[in-house]
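This briefing goes through one protein chain.

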Amino acid sequence: MAIPETQLETWTHVGAAAQSAATYQSIKGVIEHKDAPYSSRRIDSFLQGSYGNDTNVYGADSDVDIVLRTRGLFHYNIDALSGPEKTAFKTAYPTPAEYTLKSFRTDVITWLDKQYGSDLDTSGKKALRLKANGTRRSSDILLVASHKKYSRYYSEQDKECIEGILFTTDQRD
């Protein structure tokens, strides 16, 4: 059975792009606000998922996926380092960070609850969810920290690592 030309035309149009862009800009203004309790934790946000990759399809049922990252802490993997390199790393970073992803989540929830009230759903295992309201589309906000996998470490000036992000699947413990 052939797909009608009109259906193909509908599928090729980016769905609700203007509304999704407005949703992201609105939420970005809130999550990156200078008065947020975590604003000093070197935060940034970016789109992820279909809208972030310009692969969304026509329809009103898709949400806006947002990543909120703190660079105020990082997780790491030093398994590939030699003994002396591990010692150098542990000398540079002798104690774990006091600010954790769990603390970050608590701070973000406190802030978003003040801003959005009952529109905020914190029950997800991975992301916070903002319900659609008015012209705002529903949105997922994934909270992440940097993750560095080291392949060489002699000092902060002489190192090699691959940087990515880390999130936990249940931060409510």
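The points below describe a predicted model.

**Overall make-up**
- The chain has 173 residues, 31% of which count as buried.
- Its secondary structure consists of 5 helices and 6 strands, in the order α-α-β-α-β-α-α-β-β-β-β from the N terminus.
- Of the contacts with a separation of 6 or more, 61% are between residues 24 or more positions apart.

**Helix α5**
- Helix α5 covers residues 101-116; at 1.5 Å a residue its 16 residues should span 22 Å, which agrees with the 21 Å between its end C-alpha atoms.
- The buried residues of α5 are Leu-101, Phe-104, Arg-105, Asp-107, Val-108, Trp-111, Leu-112 and Tyr-116.
- These residues lie on the same side of α5, because they cover an arc of only 165° around the axis.
- Gly-117 follows α5 and has a positive phi, near 55°.

**Salt bridges**
- The whole structure contains 10 salt bridges.
- Arg-129 pairs with Asp-63, with 2.9 Å between the closest N and O atoms.
- Arg-129 is in strand β4 and Asp-63 in the loop between α3 and β2, so this pair ties together parts 66 residues apart in sequence.
- Asp-63 is buried at 16% relative accessibility, whereas Arg-129 is partly exposed at 30%.
- Glu-156 and Lys-159 form another salt bridge, at 2.7 Å between the closest N and O atoms; Glu-156 is partly exposed at 31%, and Lys-159 is partly exposed at 27%.
- Shared partners join Asp-63, Arg-129 and Asp-140 into one network of salt bridges.

Definitions and conventions: Residues are numbered from 1 along each chain as its sequence is written. This is a predicted model: local features need pLDDT of at least 70, side-chain atom pairs count only at pLDDT 80 or more; totals for chains, interfaces and linings use all residues. Side-chain values use heavy atoms; hydrogens and water are left out. Helices (H or I, at least four residues) and strands (E, at least two) are DSSP runs, numbered from the N terminus. Buried means under 20% relative accessible area, exposed over 50%, partly exposed in between (1.4 Å probe, protein chains only). Contact means heavy atoms within 4.5 Å. The expected span of a helix is 1.5 Å times one less than its number of residues. The arc is that of the directions from the helix axis to the C-beta atoms. A salt bridge is a side-chain nitrogen of Lys or Arg within 4 Å of a carboxyl oxygen of Asp or Glu.
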